[in-house]
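Here is a short note for a colleague who is opening this model for the first time. Please read the points with the structure in view.

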Amino acid sequence: MLVIRKLSACEAGDLRDHLRRLSAADRRLRFGHGVKAAGVERYVDARDWARTWTVGAFDGPHLRGVVELHRCGPWWAMTAELSVSVEGRYQNQGLGTRLVAQALLVARNRGFRTVYLLCLPENRPIQRIVRKFAGEITAVEGDIEARIHPMRATPLSVMAEAFGDGCSLLQGLWSQEPEVANDRPAQHRAEPTKASPRLRPAA
Ligand SMILES: CC(C)(COP(=O)(O)OP(=O)(O)OC[C@H]1O[C@@H](n2cnc3c(N)ncnc32)[C@H](O)[C@@H]1OP(=O)(O)O)[C@@H](O)C(=O)NCCC(=O)NCCS
């Protein structure tokens, strides 16, 4: 089952592993330039979790997609930068769109008035996603800058986020493998959970 939920700083390892699993081409699209394993390590180590909201899509124990929303400037600034990545086998099934929608809900409820992202001109999928959220796309010095203006927070949007957090907590508990006592032989252990038929990795 695919579980979409917020990540905390203690899950930095999951983020690192996800970014490492991206193909070299997708990492280039994600960061705007080629980044190797050591670069991913530096990025995750330097990440300021207090200024960044992270929402991830877990398939079983593995993080397969992530959206990061980073506050730009001081704590009262109302602008955030968004970055998103989905592993190759999970792409083109709507996951990137779902993650961006979730990040925009978080942005809305934190009072951000502008969410922007930078991407390479050839990155059509992310530009397609931005257009779904009525984002403006402009060319800036060889890159593409996209700006989305989230709506103002309402009690309903706050409740929607809280409800989503509660549901994903329950989903996470539900999809966990049952605890097996250490003294039981390995052949009695539970089978791993099967991937959700709604979002099955492409063959
Ligand atoms: C960008 C990215 C997150 C999209 O994830 P995804 O799960 O494939 O996204 P979705 O399936 O929700 O939407 C992709 C859209 O792009 C469209 N698309 C895919 N390839 C395309 C192409 N070559 N040209 C135009 N549109 C394309 C899809 O049809 C889909 O649109 P639709 O929903 O209207 O059919 C993913 O491709 C990725 O991780 N890329 C590498 C990192 C990156 O580029 N990040 C963005 C910069 S921070």
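1. Start with helix H2, residues 24-31. Its buried residues are Asp-26, Arg-27, Arg-30 and Phe-31. Buried means under 20% relative accessible area, exposed over 50%, and partly exposed in between (1.4 Å probe, protein chains only). Helices (H or I, at least four residues) and strands (E, at least two) are DSSP runs, numbered from the N terminus.

2. Viewed down the axis of H2, the buried residues fall within an arc of 120°, so they line one face of the helix. The arc is taken over the directions from the helix axis to the C-beta atoms. An α-helix has 3.6 residues a turn, so residues three or four places apart point the same way.

3. The model is predicted: local features need pLDDT of at least 70, side-chain atom pairs count only at pLDDT 80 or more, and totals for chains, interfaces and linings use all residues. Residues are numbered from 1 along each chain as its sequence is written, and side-chain values use heavy atoms, leaving out hydrogens and water.

4. What covers the buried residues of H2? The cover includes helix H1 (12-21), helix H3 (37-46), strand E3 (62-71) and E4. After H2 comes Gly-32, with a positive phi near 85°.

5. Ser-83 sits in strand E4, residues 79-86. Ser-83 counts as buried because its relative accessibility is 15%. Leaving aside neighbours within four places in sequence, Ser-83 is in contact (heavy atoms within 4.5 Å) with Arg-30, Val-66, Val-67 and Glu-68.

6. Cys-119 is buried at 7% relative accessibility. Cys-167 is partly exposed at 30%. The whole structure has zero disulfides, a disulfide being a pair of cysteine sulfur atoms within 2.5 Å.
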